[in-house]
Amino acid sequence: MIYTAIDTFYLTDEQLRDSPSRKDGVDEETETTLRVYGCDLIQECGILLKLPQAVMATGQLLFHRFYCKKSFVCFDVKRVAASCLWVASKLEENPRKARQILIVFNRMECRRENLPLEHLDLFSKKYMDLKKDLIRTERHLLKEMGFICHVEHPHKFISNYLAVLDTPPELRQEAWNLANDSLRTTLCVRFKSEVVACGVVYAAARRFQVPLPEDPPWWKVFDADKSGIDEVCRVLAHLYSRPKTKYITVCKDATSFTTSNKSWDTPSQAVPKDGSLTTPLTNNDTGTPNTASSAPSTGPMVSKDAIVKQALDKLKESKKNDDGDGEEREENETRSKPEHRTDPSAERSKDRERDRERERERERDKPKSRERDRRRDSDRERERDEIERDRDKLKERVYRSKDKARDSGGHSDRSRHLSSRDRDRDHDRDYRSSCSSRDRERGRHHPYS
C-alpha cells in the first residue's frame with residue numbers, strides 16, 4: 001500500500017517492480033517505454049503552449065506518481081499526459097484552457113504518426129467526448145493523489161550546489177539539462193530532490209572533466225550518499241542509450257486524438273456474429289462436403305479467403321444502406337427547406353409593423369414633449385428672476401446698514417481708524433496748551449511780573 005503525504009511520495013525498488021501495470025501483464029521494457037513516451041508528450045505540448053519549465057516538470061512528476069498507483073492497461077497514456085499537463089498548469093499558476101490542450105495534442109499526434117493535419121472541430125461530438133474524457137481523467141488523477149499535489153524539483157538545488165562548489169558557468173546549463181531529462185525516468189519517485197541534484201551535478205562534472213572535492217566528500221555536505229548518486233548516473237546513461245520511443249497500444253479503451261470527425265460523429269455499426277473474423281464460415285448446404293475440413297493442407301488458406309470475401313460483401317451492403325439513409329435525409333431536408341423559408345418572411349413583416357407602430361407613437365408624443373420643454377424653460381426663467389431679486393434685496397440691506405453705521409458712529413469711527421502718529425500729535429498739542437495756560441496764571445499772581 002502506498003501512502004501519499006506532503007513530500008513523502010517515494011517508492012522502493014520492490015514496489016516499482018510490483019507496480020499495477022506488472023500485475024496486469026505489462027513487462028518492464030513496455031512500462032519504461034510508455035513512461036518516457038508520456039513525458040515526451042508533456043514536454044513537447046508545454047513547449048508549444050509556451051509554458052515555463054516548472055509546469056512541464058510538475059506534469060511529468062504527477063504522471064509518474066499516477067502510474068505508480070494505476071495501470072497502463074486501465075488508463076491510456078495520451079489521456080493521462082494531457083490531464084497531468086492541464087493540472088500542472090493550474091498548480092503553477094499558468095493555466096491553459098482544455099480547448100488549447102486538446103488542439104495541441106491532436107496536432108502532435110498527427111505529426112508523430114505522419115497523418116494529414118486535420119483541424120479539431122470545436123462543435124463536433126469528437127471534441128465534446130475528448131473534453132469529457134479529459135475532465136474525467138483529471139478527477140481520477142486528483143483522487144489518486146488525495147488532492148495533495150505538492151512537488152519539489154531538483155532544479156532549485158542545482159544553482160546553490162554549484163555556487164558552493166565554485167564550478168565554471170558552463171557546468172550549470174549541462175546540469176540543468178540533465179535535471180530536465182531525469183524527469184522522464186522514475187528517479188523523481190525513488191530519490192529525494194537533493195540526491196537527484198547531486199547526481200546531476202556529478203554527471204555534468206564528469207562530462208566536462210571538472211574535479212570536485214573528495215577529502216572530505218562534497219556530497220555529505222548536501223545530505224546525499226554515493227550509492228544514490230551512482231544510481232542516478234546509471235539511470236541517466238540508460239535513458240540516453242534507448243532508441244526513440246513509440247506509442248504501444250496497451251490500454252483496453254484506447255482512443256486516438258486523430259480520429260476523423262465524421263467517423264466519430266456517426267455511430268459505429270456492430271458487425272454481426274456471423275460475419276466476425278474470428279468465426280469460421282458455415283455451409284448452409286448439408287449435402288455438399290466441407291472443403292475446409294476435407295483438405296488439410298489448403299484448408300486454412302481457403303477458409304481465410306472466404307472469410308475476407310464475406311466481410312467485404314457485408315461492408316459493401318452496409319455502405320449501400322448508409323448511402324440510402326443519406327439520400328432519405330437529404331430528401332427530408334429539401335422538403336423541410338421551403339417550410340423554413342416562410343418563417344423569415346413572416347418575422348420580417350412583424351418587425352416592420354413593430355417599427356411602424358414605434359414611429360407613430362413617437363409622432364404622437366412630439367407635441368407633448370414640446371410642451372414639457374416649454375414648461376421647463378419657463379420654470380427655469382422664473383427661478384433665475386427670483387434669484388436675481390433676492391440678490392438685489394441683499395445688496396440694498398448691506399448698503400443701508402453701512403449708511404446707518406456712518407451716521408451713528410461720527411468721530412468715534414474716525415478715531416478708531418486714526419494711526420498712532422496722529423494720536424501722538426494730538427497729545428502733544430493738548431500738553432502744550434495746558435502748559436501755556438499755567439504760565440499765564442502764574443504771571444497774573446506774581447508781584448514782580
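Modeller: Contact here means heavy atoms within 4.5 Å, and by that rule Tyr37, Asp40, Leu41, Glu44, Cys45 and Leu48 in helix 3 meet Val104, Phe105, Met108 and Arg112 in helix 6. The model is predicted, so local features need pLDDT of at least 70 and side-chain atom pairs pLDDT 80 or more, whereas totals for chains, interfaces and linings use all residues. Residues are numbered from 1 along each chain as its sequence is written, and side-chain values use heavy atoms, without hydrogens or water.

Colleague: Why are helix 3 and helix 6 called oblique to each other?

Modeller: The axes of helix 3 (residues 28-48) and helix 6 (residues 98-112) come within 10 Å and cross at roughly 120 degrees. Angles under 35 degrees count as roughly parallel, over 145 as roughly antiparallel and 65 to 115 as roughly perpendicular, the rest being oblique, and the pair is therefore oblique.

Colleague: What makes up the contact of helix 3 with helix 6, by class?

Modeller: That contact has seven nonpolar, no polar and three charged residues, where Asp, Glu, Lys and Arg count as charged, Ala, Val, Leu, Ile, Met, Phe, Trp, Tyr, Cys and Pro as nonpolar, and the others, Gly among them, as polar.

Colleague: How many cavities of 30 Å³ or more does a search of the whole structure find, and what makes a space a cavity?

Modeller: The search finds three, a cavity being a set of points on a 1 Å grid over the protein atoms alone where a 1.4 Å probe fits but cannot get out. About 110 Å³ of space lies in the largest cavity, and of the 15 residues lining that cavity (with an atom within 4 Å of a point), the closest to its centre are Leu61, Glu152, Cys188, Phe191 and Ser193.

Colleague: What is the volume of the largest pocket, and which residues lie nearest its centre?

Modeller: The volume is about 590 Å³, in an open set with protein on both sides within 12 Å along at least five of seven lines. Of the 20 lining residues, Arg22, Glu28, Thr32, Thr186 and Arg190 lie nearest the centre. Helix 3 gives the most to this lining, with six residues, and the lining of the largest pocket divides into four nonpolar, four polar and twelve charged residues.

Key: Points joined across faces, edges and corners; volume = space filled by probe spheres on them. Axes fitted to C-alpha atoms, helices over the stretch in contact; angles between N-to-C directions. Helix = DSSP H or I, 4+ residues; strand = E, 2+ residues; numbered from the N terminus.
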